[in-house]
Amino acid sequence: MRILTCLLIILLVSCKDKPEAINSAVKIENDNVEESMELEVYDFDGLQKYLSTTTDKIYVVNFWATWCAPCVKELPYFEELNYKYADKNVEVILVSLDFPNKYESKLKPFIISKNLKSKVVALNDVDSNTWIPKVHETWSGAIPATIIFNKNKRQFYEQSFTYDELETEVNKFLK
């Protein structure tokens with residue numbers, strides 16, 4: 001777990017700027033089809049709007065990275081949940097902790113190739129010692145990590161999920 005924490009710190013220290021929100025587009029040739037996408041990039045202050053709510057809507061916020069094998073393995077489960085529960089007032093938000101210098105070459109092509117439909121944002125904030133405990137006081141910084149919450153309840157998970165496990169946890173919020 002310490003190795004993952006160190007990797008996360010290295011990830012966050014690698015960037016020089018700390019923008020609140022940056023939109024950048026990339027064009028990728030994909031089977032002779034040119035696709036472009038916008039990627040929202042936030043520092044932690046900008047990301048906070050995705051970490052709390054005053055509504056009954058249930059948010060499932062997953063912290064992940066393309067270089068994290070367990071994260072990539074569970075992404076289809078979050079996508080399936082987002083699709084199946086959209087009409088039940090549930091929204092999945094995927095917060096990428098990828099290195100900022102990999103947004104164009106790795107993250108954006110990954111999002112397009114995996115056809116991710118959930119909202120994907122990138123967190124670019126070098127002060128991980130400050131923001132990690134703000135996400136949850138027990139979080140070591142290891143990923144994958146997930147928060148499920150609405151205005152009345154909040155649960156943090158520093159683990160990987162199967163689809164059934166993820167669905168079980170979300171259903172606790174629907175009761």
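Which residues have the most contacts inside the largest nonpolar core? Here are some friendly notes to read beside the model.

1. This is a predicted model, where local features need pLDDT of at least 70, side-chain atom pairs count only at pLDDT 80 or more, and totals for chains, interfaces and linings use all residues. Residues are numbered from 1 along each chain as its sequence is written, and side-chain values use heavy atoms, leaving out hydrogens and water.

2. Leu-47, Val-60, Phe-63, Val-135 and Trp-139 have the most contacts inside the largest nonpolar core, which has 53 residues. Such a core is a set of buried Ala, Val, Leu, Ile, Met, Phe, Trp, Tyr and Cys residues joined through side-chain atoms within 4.5 Å. Buried means under 20% relative accessible area, exposed over 50%, and partly exposed in between (1.4 Å probe, protein chains only). Strand 3 (residues 58–64) gives the most to this core, with 6 residues. Strands (E, at least two residues) and helices (H or I, at least four) are DSSP runs, numbered from the N terminus.

3. Take a look at Val-60: leaving aside residues up to four places away in sequence, its contacts (heavy atoms within 4.5 Å) include Phe-78, Leu-81, Val-92 and Ile-148.

4. In helix 5 (residues 128–135), Ser-128, Trp-131, Ile-132 and Val-135 are buried. They lie on the same side of helix 5 because they cover an arc of only 105° around the axis, taken from the directions from the helix axis to the C-beta atoms. On the other side of helix 5, Asn-129 and Lys-134 are exposed.

5. The structure holds 1 disulfide (a pair of cysteine sulfur atoms within 2.5 Å). Cys-68 and Cys-71 form it, with their sulfur atoms 2.3 Å apart, and both cysteines are buried.
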